[in-house]
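Hi,

Here is the structure I promised to pass on. My notes follow below it.

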Amino acid sequence: MKQHLQHPVFTVISALAAEQQVQAYAIGGFVRDIFLHRPSKDIDIVVVGNGIAFAEQVAKKLHVKVSVFKSFGTAMLKYQDIEVEFVGARKESYRAQSRKPVVENGTLEDDQKRRDFTINALAIALHGDEFGNLIDPFGGMQDMEKKLIRTPLNPEETFSDDPLRMMRAIRFAAQLNFIIDAQAIEAIKLNRERIHIVSQERVTDELNKIILSPLPSIGFKYLMDTGLLKLIFPQMAALYGVDFVNGRGHKDNFYHTLQVLDNISATTNDLWLRWSAILHDIAKPATKRFEPGHGWTFHGHEDRGARMVPKLFTQLKLPLNDRMKFVQKLVQLHMRPIVLTQDIVTDSAVRRLLFEAGDDIECLMLLCKADITTKNEYKVKKYRQNFELVQQKLKDVEERDKVRNWQPPITGNDIMLLFGLKEGREVGIIKNQIREAILEGDIPNTYEAALAFTILKGQEIGLKVVENTN
């Protein structure tokens, strides 16, 4: 164990603990990650005594600044490449309608008892003859070997005291590919309504960590099975299930969405691209119809879904900025490349897709490839071949026509100067005609061609050129 305690900060902590005759321990994620072979730059130190005063002395010896958070009873310093947080050992008790505990001084055992999971209750002594000893009173090492998420105390009490721990249990399961102890699962089901006392921001922070895990479907299946998803994200829970009419069903859109999410997670760590996968079919429950002679349809689910995105981001306290617009755009356009693969790929259709997707075209194509979830190998092969054709067509058309992030070669101001007009309907009509002519390939995307076209269209509605533009 001592080989993992070579950083100079441990030497200073150990020396100060001996000098002050106090017990100090590394605890939590840093210790857990040693055994999971994961790098960790954050170290939590528990001191049996005054954690803040101890941190101030460590900072003095290291010649660094210390940040004190008196309301939390913690202090933090940065040294070289690590961040170290100090706290005094404590025990906690909770009130029914609050996650904020009543805190009093305690022993190391008290502090370990208040930890959320056994794998996070592991501690390593940093003082005296005990330096490097592992303290594992709740079988955290065994649980690590079993790949098990389990609470140190009764899980009902643990989750009732701090309901965010229910989300954290699921997040760790997704991040580490662990399973959650059966007793803990039942406790989450019993306490799920208490998630309402947790702020939306904290819930969404854990949700985003689940989404960013290597296999997010693990977390979402737990959220669904425990009933938490219906409470924190009902629109996604509504995707679950299959309806039948005359013996004809449709695919389960919840599990399809999870497959798309896992597929895209294999290619990107971009949170917002992953959110696009989650929301790409979010409007299918609202647009689901059974048409006799045809079967189940979801007409317009991409348009309806795009309109839902701002409300969902508001509800989940996600940012209402360009990230939201990015997700909205991909939800809106996610069917377009798929439709292109099914028909003859015309230049005009490709130009329109490039025009609307702009710099997000590669992300859109990633989403569309992830959306191929059929088990039919022939169909998968066919779709992938068609996507390659579409991507080549996108490249060829863009090189020739330059419509990605397109700016009109003739502006509204140019049109007003050309015909001596003020802002009005005629200007808008001609601008639209120029755009459509370029996207349809009727004229090249050049100033000269657009100018000649503008003069022609102006003449058709009785306008005359009043200024020589050459």
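Is the crossing of α10 and α13 left-handed or right-handed? It is right-handed. Bear in mind that this is a predicted model.

First, the helix pair. Helix α10 covers residues 216-226, and helix α13 covers residues 253-265. Their axes come within 9 Å and cross at roughly 155°. The cut-off for roughly antiparallel is over 145 degrees, so α10 counts as roughly antiparallel to α13.

From α10 come P216, S217, F220, K221 and M224. They meet F254, Y255, L258, L261, D262 and S265 of α13. By class, that contact has seven nonpolar, two polar and two charged residues.

Next, the sheet. It is open and has seven strands, in the order β3-β4-β5-β2-β1-β8-β9. The pairing is mixed.

Look at β1 and β2 in particular. Strand β1 (residues 24-27) pairs with strand β2 (residues 42-47) in the antiparallel sense, over four bridges. I27 has D44 in β2 as its bridge partner.

Two helices to check against the sheet:

- Helix α1 (residues 8-20) packs on the sheet and touches β1, β2, β4 (74-79) and β5 (82-88). The direction of α1 makes about 25° with that of β5.
- Helix α3 (residues 51-62) also packs on the sheet, touching β1, β2, β3, β4 and β5. The direction of α3 makes about 20° with that of β4.

Best wishes

How values were computed. Residues numbered from 1 in each chain as written. Predicted model: local features only at pLDDT ≥ 70, side-chain atom pairs only at ≥ 80, totals over all residues. Heavy atoms only, no water. Axes fitted to C-alpha atoms, helices over the stretch in contact; angles between N-to-C directions. Parallel < 35°, antiparallel > 145°, perpendicular 65-115°, else oblique. Left-handed = near helix turned anticlockwise from the far one by under 90°. Contact = heavy atoms within 4.5 Å. Nonpolar A, V, L, I, M, F, W, Y, C, P; charged D, E, K, R; others polar. Pairing = 2+ DSSP bridges.
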